[in-house]
Amino acid sequence: MKPESMKQIEFNTTLEQDILVAMRKPRPVYWLALALSALCFAVGMVTWIYMMLKGMGIAGINNPVGWGVFITDFVFWVGIAHSGTLISAVLFLFRAKFRNVFNRSAEAMTVFAVMTAGLFPLIHLGRGWIFYWLFPYPNQRQLWVNFQSPLIWDVFAVSTYFTISAIFWYIGMVPDLAIVRRRTEGIRKRIYSIFSLGWTGSLRQWQHYNKLYMFLAAFATPLVISVHSVVSWDFAMSVIPGWHTTIFAPYFVAGAIFSGTAMVLTLVIPMRKIFRLEKYITLDHFDKISKVLLFTSLIVTYSYIVEFALAFYGGHKFEEAHFTYRLLGDYRYFYWLMLFCNSLLPLSLFVKKLRRKISYLFILSLFVNVGMWLERFVIIVTSLSKDFDPYNWGLYFPRWPEIAITLGSFGMFFMFFLIFTKVLPILAITEIKEEAAE
Amino acid sequence: MDRRDFLKLLGITSSATLISSCGVDKANEKIIPYVVPPEEEIYPGKALYFSTTCTECPAQCGLQVTVKEKVYHDNRSLFPTKLEGLAGHPINDGALCARGQAGLFRLYHPQRIKRPLLKDENGNFRIATWNEAVERIQKELQTATSAGLTNVFFASRTTGSLADLIDEFCQKMKVKRTKEFEIFSHSNIREANRIVFNQPLIPAYYIDRSDFLLTLGADIFETFISPVQFATQFARVRENSHFTWFHIEPHLSLTGVQASQRLVLKAESEWVLLAYVIGKLSHSQAAKRNLPSGILQILPRFEEEHTSQLTGIATDHLQQMVDSLSRAVKPLLIAGGVSTAHSHGLEVAVLASLLQWMVGNDNNQIDFAGAENYQQVGSLLDVEELVNQLAQKSLGVFFISRANPVAQLPVNFEFSQRLHNAQFTVGLSDVMNETIRECQLVLPLSHPLESWGDAVPHYGLRNAIQPAIEPQFDSRSEGDILLQIMNSGESTQRYKDYLFERWHKNFGEEGRKDFLTHGYRHEPLPKIQWSLNTAQTISFLKEMKRDETEAMNLLWLVPSIRTYDGRGRDLSLLQEIPDPITTVTYGDWISISSQMASALKVSDRDEIQIATHGFSLQLPVKVQKLLPDKTLLIQRGAVATLPVEIDRRSGELYWVITNTSISRTGKRIALPILAGSMEEEGRGLLPEDAEHGHGHNAEHKPWYPEHEHVNYRWGMAIDLEKCIGCNACVAACYVENNIPLVGAEEHLRGREMSWLRVQPYFDKEGQIEFVPMLCQHCDNAPCETVCPVYAAYHNPEGLNVQVYNRCVGTRYCANNCPYKVRRFNWFDHHLPEPLDKMYNPDLSIRGRGIMEKCTFCIQRIRSAKDIAKDEGRLVQDGEVIPACAQTCPTKAITFGNLEDKKSKVYQLAHSERAYHALEELGTKPAVNYLRKRGNDHEA
């Protein structure tokens with residue numbers, strides 16, 4: 001055997017061990033974190049049930065602001081869900097190798113974020129108990145959904161995105177599950193056996209696998225564009241100044257990738273530290289993903305400028321009034337903070353040193369998360385609070401149910417993510433092996 | 001059974017189970033079929049109508065009560081569900097104001113007194129029987145009489161047969177009937193007419209017989225004497241191109257906003273203005289009659305400059321007004337309200353009467369023959385005398401009927417403390433109030449909708465009062481109570497029989513039936529020729545107050561269009577709908593001028609303290625543009641007991657407190673102000689400019705195919721020239737459509753549920769314009785395309801319908817509605833018992849999580865179409881009238897079929913004046929607004 005192959009086998013073995021370390025019996029800290037997440041999730045769910053029983057009125061939404069934090073959360077989580085597919089599918093097609101260390105957690109993040117996001121359209125329904133009326137199902141009363149409504153497009157966009165993301169994630173995981181199967185015993189081995197679908201790693205299987213994976217990547221790529229475009233059309237298709245604008249689709253997609261990338265950093269940095277994956281997730285990787293963050297931040301900033309330029313260049317009185325209000329009105333601090341988080345702070349990533357400073361990136365990613373949440377909040381709330389008819393202007397501030405349910409959504413997301421780190425391989429083992437082999 | 005059959009069966013049953021479990025909310029009404037056939041021509045679902053009289057204010061409009069059959073607490077029964085103005089009635093001709101619309105809230109008031117109550121030694125009420133109560137009254141009357149004490153009967157304004165019965169009662173039972181109590185007694189007007197014409201009356205004013213109107217402080221559209229009547233007259237005269245209206249006031253009122261020219265003058269200086277006008281007109285062409293020289297000599301004279309200086313009205317405005325007045329053929333002057341309720345109020349009223357006499361009464365604009373029936377109404381001097389008698393402990397049994405002096409009299413009358421000096425107090429009322437709580441015996445009155453009666457609002461007009469529902473509680477009508485006390489032992493006559501006898505005697509049997517069917521009987525009286533009482537006038541003018549006061553920080557306590565003198569404060573509907581100009585709903589506030597606000601550094605909702613004569617109060621502020629500086633406005637009901645002076649000559653209550661000191665407290669009060677902003681800023685809600693005709697804006701190519709309408713496209717035209725912003729339509733809409741009352745908390749969150757609102761806006765000239773805003777039933781409706789489940793859908797008749805059962809509550813439709821007229825049910829709202837008796841059974845009560853909005857009263861369209869279908873024809877123009885249009889005092893709202901080219905609404909919608917709100921959005925609304933034509937328009 002060549003020494004190189006020996007080295008490769010050695011690398012592979014340590015890699016498998018390192019990654020499967022994460023899947024060992026959890027420490028108390030893990031249980032604590034899981035319990036905390038689950039508790040938040042439970043609080044959110046109980047609040048939702050209470051809200052359905054009492055009425056939406058316990059939340060802060062009102063006339064004219066019919067959508068508030070719930071829809072903000074929806075867009076936020078859909079946005080988070082974006083990077084998963086971007087990192088795994090798009091970067092896969094572009095052969096950007098640095099994706100390999102991020103893609104598993106990014107895909108997991110996608111699946112969990114879409115699940116979380118998918119709850120919000122149901123939470124915000126006045127009559128959540130008949131949510132299934134939003135689906136076109138055959139029924140005796142011959143009722144059908146309105147395909148003109150962007151909300152129906154949403155239903156399809158989000159459910160399609162969830163299905164594809166979940167399949168893509170799972171297919172990519174099959175070879176790794178086979179490795180886990182090899183390294184576990186007892187009941188767990190049997191479960192992993194089922195989910196690894198009899199993977200043997202034969203050449204034929206790899207051939208099929210690669211084709212399928214490539215196909216799914218190609219299939220998922222347009223979804224990155226379409227899902228958030230459709231979500232943005234919830235707003236762009238309306239007549240409300242501040243919503244009704246053609247740049248929303250690309251603007252929202254860029255924003256989604258921006259926020260998703262930031263969330264990947266938020267998740268991967270602690271994961272790398274806790275599971276000691278410094279060997280595999282290197283500073284070079286962070287350097288590259290920071291560039292993605294910087295690039296999308298610039299697009300987002302450009303969109304902010306274009307929005308204002310369109311409003312004032314267009315000379316439309318409602319648009320002008322709206323954007324003046326957004327910048328200087330009741331919610332100005334939110335808007336300014338958003339600008340700071342999304343446009344100003346990421347500019348620091350032009351400095352190479354900062355791109356390679358993990359602690360800095362972590363803090364930055366948190367700021368970006370906050371900034372992107374605020375972006376959606378500002379777009380939704382300021383546009384509704386002052387639209388055409390001044391008599392009906394009004395302000396909106398969230399009340400406890402919004403806070404509890406938002407907390408619950410984070411609880412849900414982190415709960416699933418924590419479970420993921422213990423039951424599934426957190427890095428794409430085979431792909432890192434491949435990368436190392438090359 | 002083979003396998004295939006089994007599977008088929010399984011498939012059918014499981015899918016049937018699934019389908020039946022989907023969707024439909026459980027019906028919340030039991031359906032009980034008729035076992036016994038209906039009596040008295042009552043058909044299920046068909047409304048009955050009764051003609052009666054509104055008793056919410058002294059105007060006493062004709063009322064049509066809609067009675068519908070429905071299930072309440074598992075019993076099928078008939079309930080009044082809606083009040084309308086009585087069509088053709090000489091006062092209101094089918095219209096009704098917001099207070100009138102709220103009448104059902106008194107009928108079904110949760111605090112109705114349910115049975116007689118007697119106070120025990122500890123001061124707690126216990127339930128008594130009627131017999132016990134009557135015997136107690138008789139016993140107390142005897143002991144009082146034998147002790148040499150005076151028994152008194154103290155009531156608010158009473159007219160018609162009941163007034164006569166009270167006289168009979170007082171005579172028989174040796175009770176002294178005091179002058180009646182109305183806090184707005186118009187004493188100065190009556191006193192002035194007594195001085196000038198020997199007629200101590202409030203004449204009937206006919207705006208529609210005039211071509212020039214000068215109103216001095218009289219809030220003719222709000223509370224002054226008969227506001228709905230004035231509004232209907234105004235609507236008629238507004239069609240006339242040569243009608244000019246000057247309104248002069250020291251503050252800001254809804255009425256003033258409507259005038260062709262609103263002039264603000266310094267408080268209490270109206271007499272200077274009138275003296276100037278009289279001087280200017282006397283011996284000129286304009287004067288039809290010349291005042292006797294004796295009067296002219298003694299009358300103070302003012303030059304134009306000096307007048308302008310004293311009144312604060314610019315000289316060109318003075319000239320303009322005098323010119324218009326001189327040109328007028330049939331001028332009418334109405335002085336009242338704020339202008340006759342201050343220290344120079346009597347002077348103002350006298351000079352106004354003199355001026356009217358000068359400019360003539362050719363068209364009988366002012367009619368003393370059909371004067372308002374204030375015969376028995378006294379002034380506050382009478383109340384003062386009564387209070388003095390109380391203080392001397394010379395009163396025996398004290399009856400208080402339908403009056404709430406404890407809440408309404410200034411605190412210096414010490415009414416509630418002194419009331420205990422009477423030997424025995426008997427309170428008669430339908431709803432518990434501050435005065436009734438002080439009485440020893442409380443007798444529950446039946447609401448006028450539960451009892452028989454009649455009313456004479458002005459001479460020559462008798463209104464019927466007839467029951468539309470059985471008394472809900474163990475209450476009786478006042479007539480029945482009096483008859484029972486009078487005739488104990490003997491066979492007691494029922495008040496109904498008493499009335500029927502009288503009507504029969506006066507009108508004959510046919511006449512009586514006719515009276516009850518029509519609801520009123522109008523017999524115009526011969527015109528009274530009025531003549532000037534020169535001697536009396538001169539002696540008054542000699543004594544008249546001529547001081548030119550310069551008062552600071554005037555605090556005006558004005559009546560409210562919503563609550564009148566405060567009596568509407570406990571009707572929840574009137575709290576729910578906004579005050580027209582400030583758009584405040586729940587709670588009390590003080591309006592201050594912008595200048596004062598910046599001087600005090602306060603803004604809306606900041607609390608200020610007002611101190612006056614050892615009395616202070618704190619109220620949140622509403623900054624009111626157009627309100628003159630150093631002027632503060634409070635609605636009287638909010639601070640009714642402030643110590644205010646009265647005019648010693650006439651007994652008129654002053655509405656103003658001078659020289660108050662004001663400071664800010666630093667607190668902020670949660671005050672629901674519904675208008676987010678009153679600045680329209682050229683947004684396309686008000687008409688852009690006069691040249692801009694209909695549909696001149698950019699052509700919009702619709703994305704989706706256009707709707708086709710077969711036979712009907714329902715539409716509306718709202719004439720902004722006629723809309724006076726009185727909010728009657730809003731109140732009518734609430735009652736007709738079971739719109740939930742949500743309360744102050746929800747209003748603070750911006751969650752009012754009104755389907756229709758009257759939006760006040762400042763136009764480019766800084767004047768207030770009202771724009772009633774309701775669902776525009778757009779042809780290209782932004783709400784329809786965004787609803788994921790077709791709950792918002794366009795029906796073939798052009799209605800933008802909301803399918804409640806289908807609504808899942810995304811609120812996307814509301815977000816996307818540029819007019820923001822959609823209302824979401826944030827909670828399950830239900831009126832408390834027994835108010836829920838008024839729910840209109842033709843509509844559902846919407847549950848939580850459902851969007852709702854104006855339907856153009858689809859239930860009324862439905863029933864008109866049913867009738868048309870039975871007769872094999874289409875619905876004719878005028879057959880469908882939505883609640884808002886029906887009640888509108890000025891008939892500003894026209895509804896009909898836009899597909900019918902002959903319909904009135906079609907013609908209005910295609911007139912030069914028509915425009916759409918936010919036309920540039922291309923929503924193609926079915927609601928057309930008609931812009932104002934300016935003052936000298938072509939008829």
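**View 1. The covered helix 18 of chain B.** In helix 18 of chain B, the buried residues are Glu478(B), Gly479(B), Asp480(B), Ile481(B), Leu482(B), Leu483(B), Gln484(B) and Ile485(B). This helix, which runs over residues 478–486 in the predicted model, is thus described as mostly covered, with 8 of its 9 residues buried.

**View 2. Chain A as a whole.** Chain A contains 15 helices and 0 strands. Its radius of gyration is 23 Å, close to the 22 Å that the globule rule gives for 438 residues, and chain A is therefore as compact as a globular protein of that length. The C-alpha trace of chain A spans about 80 × 60 × 40 Å along its principal axes, and 48% of the 438 residues in the chain are buried.

**View 3. The packing of helix 3 against helix 14 in chain A.** Helix 3 of chain A (residues 69–93) packs on helix 14 of chain A (residues 400–423) at an angle of about 20°, and the axes of the two lie 10 Å apart. Because angles under 35 degrees count as roughly parallel, helix 3 and helix 14 of chain A are roughly parallel to each other, and the crossing in which helix 3 of chain A passes helix 14 of chain A is right-handed.

**View 4. The residues between helix 3 and helix 14 of chain A.** From helix 3 of chain A, Val69(A), Phe70(A), Asp73(A) and Trp77(A) meet Glu402(A), Ile405(A), Thr406(A) and Ser409(A) in helix 14 of chain A. Sorted by class, this contact has 4 nonpolar, 2 polar and 2 charged residues.

Definitions and conventions
Residues are numbered from 1 along each chain as its sequence is written. Chains are lettered from A and ligands numbered from 1 in the order in which they are written. This is a predicted model: local features need pLDDT of at least 70, side-chain atom pairs count only at pLDDT 80 or more; totals for chains, interfaces and linings use all residues. Helices (H or I, at least four residues) and strands (E, at least two) are DSSP runs, numbered from the N terminus. The radius of gyration is taken over C-alpha atoms; the globule rule is 2.2 Å times the number of residues to the power 0.38. A residue is buried if 20 or more other C-beta atoms lie within 10 Å of its own, exposed if 12 or fewer, and partly exposed in between; C-beta atoms are placed from the backbone. Axes are lines fitted to C-alpha atoms, for helices over the stretch in contact, and angles run from 0 to 180 degrees between N-to-C directions. Angles under 35 degrees count as roughly parallel, over 145 as roughly antiparallel, 65 to 115 as roughly perpendicular and the rest as oblique. A crossing is left-handed if the near helix is turned anticlockwise from the far one by less than a right angle, and right-handed if clockwise. Two residues are in contact if their C-beta atoms, placed from the backbone, lie within 7 Å. Ala, Val, Leu, Ile, Met, Phe, Trp, Tyr, Cys and Pro count as nonpolar, Asp, Glu, Lys and Arg as charged, and the others, Gly among them, as polar.
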